[in-house]
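Look at the sequence and the model below.

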Amino acid sequence: MSTTTPVIPTQTKVAIFGTASLAFCGILVETSMNVTFPTLMHQFHTTLATVQWVTTAYLLAVAATMVITAFIQQRFRWRTIINVGGAGFVLGGLLCTVAPQLWLLLFGRIIQAIGTGLALPLVFAQIMTQVPFTAQGRFTGTAGMLSALAPSLGPTYGGLVTQLLSWRLIFGITLPFGLIAWLITAKTIRQTQAPRSRPFPLCQFGLVVAALILLIFSVNNLSTHGLSLVFVWLPLLLAVLAVLTFTRSATRTTHPLINLAIFQQGNFTRALLIYFFIQFIQIGLTFLLPNFAQLALGKNALVSGLMLLAGSLCSAILSPLAGKLMDRRGIRRPFQIGSGFLLLATLSLAGLAQHLSVGLIIGLFVGLFVGFQIGFSCLFNNALTYGLQQLPPQLMGDGNALFNTLQQYSGSLGTAIMAVLITLGTRMAPSASSTMQTTLGTQIALWFSLIIIMIVAALALTTKPIANMADDQHQSRSSNH
């Protein structure tokens with residue numbers, strides 16, 4: 001790899017930072033709400049299965065928005081996109097701050113999700129089209145640091161604000177920061193290609209959204225309806241049919257919503273799976289452990305959130321360093337290091353599951369979850385960079401849209417499945433106390449997490465580096481954007 005430091009305009013750096021900051025605010029409130037569920041259950045007189053839609057609906061709306069980002073970024077000016085995204089974040093946040101009922105809170109969350117769904121893909125679109133190849137890992141790591149830090153920092157922030165002030169201020173405090181980030185980005189963002197007119201594949205979009213919703217609906221119903229034909233198997237079957245119909249339609253049209261030719265690149269698909277599974281576990285754990293601390297151990301939201309703080313800070317420091325390691329040494333080294341840390345941390349956490357207490361969880365997360373975040377930092381953003389580098393310029397937007405869509409949907413699916421696994425403890429031990437039931441469900445969820453991490457490690461350790469590609473070809477490919 002070339003050791004020459006590329007020159008990148010200050011305006012480009014500011015625009016990337018501003019867009020990443022707006023996305024950070026959106027993702028921060030996304031996971032901040034996880035520790036408020038017991039509070040919301042009490043205030044709105046409802047169940048955990050209902051309240052979890054505060055997070056699940058948000059993630060679904062973000063994922064649905066990101067599905068169309070390849071189309072949006074080609075069809076509209078980027079300044080227009082960021083203006084709509086910023087306005088959505090601010091308006092949705094205001095509604096959530098004053099929401100007197102759960103339905104209005106959900107509505108505000110969906111509006112805010114649309115804003116985040118428009119902003120986050122623009123971060124990586126700018127990096128992959130305006131930053132030279134030899135610096136993309138570093139920039140993706142630095143910008144991705146914000147979006148990766150937010151899910152881990154969210155429970156700490158949410159617990160602190162809920163315990164000392166009010167859950168409503170989770171939104172109120174982030175609003176001015178999001179507003180400033182929006183205005184900075186709107187002033188500095190630029191794009192190298194003019195928008196071009198193309199028809200919107202509405203039918204394909206409807207099929208994708210239907211599949212996303214039906215799958216989450218099926219998973220959520222597992223906790224209340226078991227393996228019901230109507231509430232679980234039927235929506236799952238319909239989701240599969242929607243995916244198959246979308247695939248058939250997308251391969252037969254000249255203007256697909258997502259060009260499925262990206263899957264012809266095997267290394268892209270491998271990187272996408274790594275990215276999906278890691279985010280699935282990351283968001284799932286930020287839901288699982290704080291709720292275990294409150295529902296099983298009787299701790300407050302502040303303590304529950306603070307359990308994840310050390311890992312959050314570790315992720316913030318290591319993401320840019322992991323990106324630099326990839327730029328200098330290629331993809332194999334960070335993937336090897338990351339896989340080792342993920343396996344060790346998750347195995348230790350699952351093995352000690354039956355002995356969990358707040359003190360032990362805090363101790364583990366000072367050590368083991370820091371180890372988990374080392375592994376996460378080495379794999380997560382580097383998987384995105386590596387995956388997009390496998391694609392030709394004309395498919396970069398499709399790959400970016402798919403990465404960002406699955407990032408958010410994996411979080412939604414992770415939250416839903418972890419909630420199901422927690423309630424599984426109730427079904428397995430109906431006569432036990434609620435504390436024992438929650439503890440049993442948490443143990444099941446942690447062992448399930450270990451299985452997923454083993455799949456991630458197998459994919460990462462068999463990934464091949466980019467071969468036969470000289471530095472001048474890298475630079476030429478970047479400049480073609």
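Which residues does Ile422 touch, not counting residues up to four places away in sequence? Ile422 touches Phe287, Leu288, Gln437, Thr438 and Gly441, where contact means heavy atoms within 4.5 Å. Ile422 is found in helix 17; helices (H or I, at least four residues) and strands (E, at least two) are DSSP runs, numbered from the N terminus. Ile422 counts as buried because its relative accessibility is 6%. Buried means under 20% relative accessible area, exposed means over 50%, and partly exposed lies in between (1.4 Å probe, protein chains only).

Before going on, note that this is a predicted model, in which local features need pLDDT of at least 70 and side-chain atom pairs count only at pLDDT 80 or more, while totals for chains, interfaces and linings use all residues. Residues are numbered from 1 along each chain as its sequence is written, and side-chain values use heavy atoms, with hydrogens and water left out.

Thr65 is found in helix 4 and is buried, because its relative accessible area is 9%. Not counting residues up to four places away in sequence, Thr65 touches Ile114, Gly117 and Leu118. Thr97 lies in helix 6 (residues 78-98). Thr97 and Arg168 are 71 residues apart in sequence, but 4.8 Å apart in space, C-alpha to C-alpha.

Next comes helix 10. Helix 10 (residues 202-225) has 24 residues and reaches 33 Å from its first C-alpha to its last, close to the 34 Å expected at 1.5 Å a residue; the expected span is 1.5 Å times one less than the number of residues. The buried residues of helix 10 include Leu207, Val208, Leu212, Ile216 and Asn220. The buried residues of this helix pack against helix 4 (53-67), helix 11 and helix 17 (396-428). Gly226 follows helix 10, and its phi is positive, near 60 degrees.

Where is the nonpolar patch, and which helix gives the most to it? The patch is on the surface, and its residues, among them Phe217, Leu229, Trp233 and Leu244, together have about 1100 Å² of accessible area. Patches are made of residues with over 30% relative accessible area and no salt bridge, with like charges joined within 9 Å and nonpolar side chains (Val, Leu, Ile, Met, Phe, Trp, Tyr) within 5 Å. A salt bridge is a side-chain nitrogen of Lys or Arg within 4 Å of a carboxyl oxygen of Asp or Glu. Helix 11 (residues 229-250) gives the most to the patch, with ten residues. Leu229 is found in helix 11 and counts as exposed, because its relative accessibility is 61%.

The last step is the whole chain. Its secondary structure comes to 19 helices and zero strands. Of the 481 residues in the protein chain, 59% are buried. The largest nonpolar core has 128 residues, and those with the most contacts inside it are Leu40, Leu105, Ile127 and Ile274. Helix 12 (residues 266-295) gives the most to this core, with 14 residues. A nonpolar core is a set of buried Ala, Val, Leu, Ile, Met, Phe, Trp, Tyr and Cys residues joined through side-chain atoms within 4.5 Å.

Note on methods. Areas by Shrake-Rupley, 256 points an atom, 1.4 Å probe, with all protein chains shown as cover.
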